[in-house]
Amino acid sequence: MSSSPAADRPAPARPSVLFACVHNAGRSQMAAAFLTHLAGDAVEVRSAGSAPADTVNPAVVEAMSESGIDISTETPKILTIEAVHSSDVVITMGCGDTCPVFPGKTYLDWKLDDPAGQGVDAVRAIRDEIENRVRGLLADLGLTPRVT
């Protein structure tokens, strides 16, 4: 997947970010929740999966709850061409070549362990890495995280 750093172009007034992984039950849910939590209304946030699961991974829900973010009511969503087309930044997390590519978008591929089948202890490390990357994304977009 081609990528260009988000910092290469000026950010839109209210950028739109899509996080995509396979099941939309772990990594992309955590990333979307952190970005929503840290950016508030300054960023439009989406998450989706190429083959969505039925529910969000319970270990992911627990790990995020420990960070003060409740994602217990979130549901995995299917990745659509429309979601990609209407996003300024598309961040993939292991969805391979299933994510459509459109010119003029910023594409990033975050290599992260998959929390599927892992306990909350393993998920915490993934959660913390995702939070760090989301904070870096905010900086790339020229936004300051809300005080949390």
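Me: What share of the contacts in the chain with a separation of 6 or more comes from residues 24 or more positions apart?
Reply: In this predicted model, residues 24 or more positions apart account for 72% of the contacts that have a separation of 6 or more.

Me: And what order do the elements run in?
Reply: Starting at the N terminus, the order is β-α-β-α-α-β-β-α, and the chain holds four helices and four strands.

Me: Let's look at α1. Is it mostly covered or mostly open?
Reply: Helix α1 is mostly covered, since eleven of its 13 residues are buried. Among them are M30, F34, L35 and L38, along with R27 at residue 27.

Me: What covers them?
Reply: The cover over the buried residues of α1 includes the strands β1 (16-21) and β2 (44-49), and also the helices α2 (58-66) and α4 (120-140).

Me: What span should the helix have, and what do its ends say?
Reply: Helix α1 takes in residues 27-39, and at 1.5 Å a residue its 13 residues should span 18 Å; the C-alpha atoms at its ends are 18 Å apart, so the two values agree.

Me: Which other residue has a positive phi, although it is not a glycine?
Reply: That is N24, with a phi of about 50°. As background, most residues other than glycine have a negative phi. N24 lies in the loop between β1 and α1, and with a relative accessible area of 0% it counts as buried, because the cut-off for buried is under 20%.

Me: Changing topic, how much space lies in the largest pocket?
Reply: The largest pocket holds about 210 Å³ of space. It is lined by 13 residues, of which A32, A33, T36, I71 and E74 are the closest to its centre. The elements that give two or more residues to this lining are α1 and β2, and α1 gives the most, with five.

Me: How does the lining divide by residue type?
Reply: The lining of the largest pocket divides into five nonpolar, four polar and four charged residues.

Me: Now the strands. Where is I91, and is it buried or exposed?
Reply: I91 lies in strand β3, residues 89-92, and I91 is buried, with a relative accessible area of 0%.

Me: What is I91 in contact with, apart from its neighbours within four places in sequence?
Reply: With those neighbours left aside, I91 is in contact with V17, L18, F19, A20, L108, W110 and L137. I91 and D109 are 18 residues apart in sequence, while their C-alpha atoms are 5.6 Å apart in space.

Me: And T106, where does that one sit?
Reply: T106 is in strand β4, which takes in residues 106-109, and at 3% relative accessibility T106 counts as buried. From C-alpha to C-alpha, T106 and V89 are 4.7 Å apart in space, although 17 residues separate them in sequence.

Notes. Residues are numbered from 1 along each chain as its sequence is written. This is a predicted model: local features need pLDDT of at least 70, side-chain atom pairs count only at pLDDT 80 or more; totals for chains, interfaces and linings use all residues. Side-chain values use heavy atoms; hydrogens and water are left out. The expected span of a helix is 1.5 Å times one less than its number of residues. Buried means under 20% relative accessible area, exposed over 50%, partly exposed in between (1.4 Å probe, protein chains only). Contact means heavy atoms within 4.5 Å. On a 1 Å grid over the protein atoms alone, a cavity is a set of points where a 1.4 Å probe fits but cannot get out, and a pocket is an open set with protein on both sides within 12 Å along at least five of seven lines; lining residues have an atom within 4 Å of a point. Grid points are joined across faces, edges and corners, and a volume is the space filled by probe spheres set on the points. Ala, Val, Leu, Ile, Met, Phe, Trp, Tyr, Cys and Pro count as nonpolar, Asp, Glu, Lys and Arg as charged, and the others, Gly among them, as polar.
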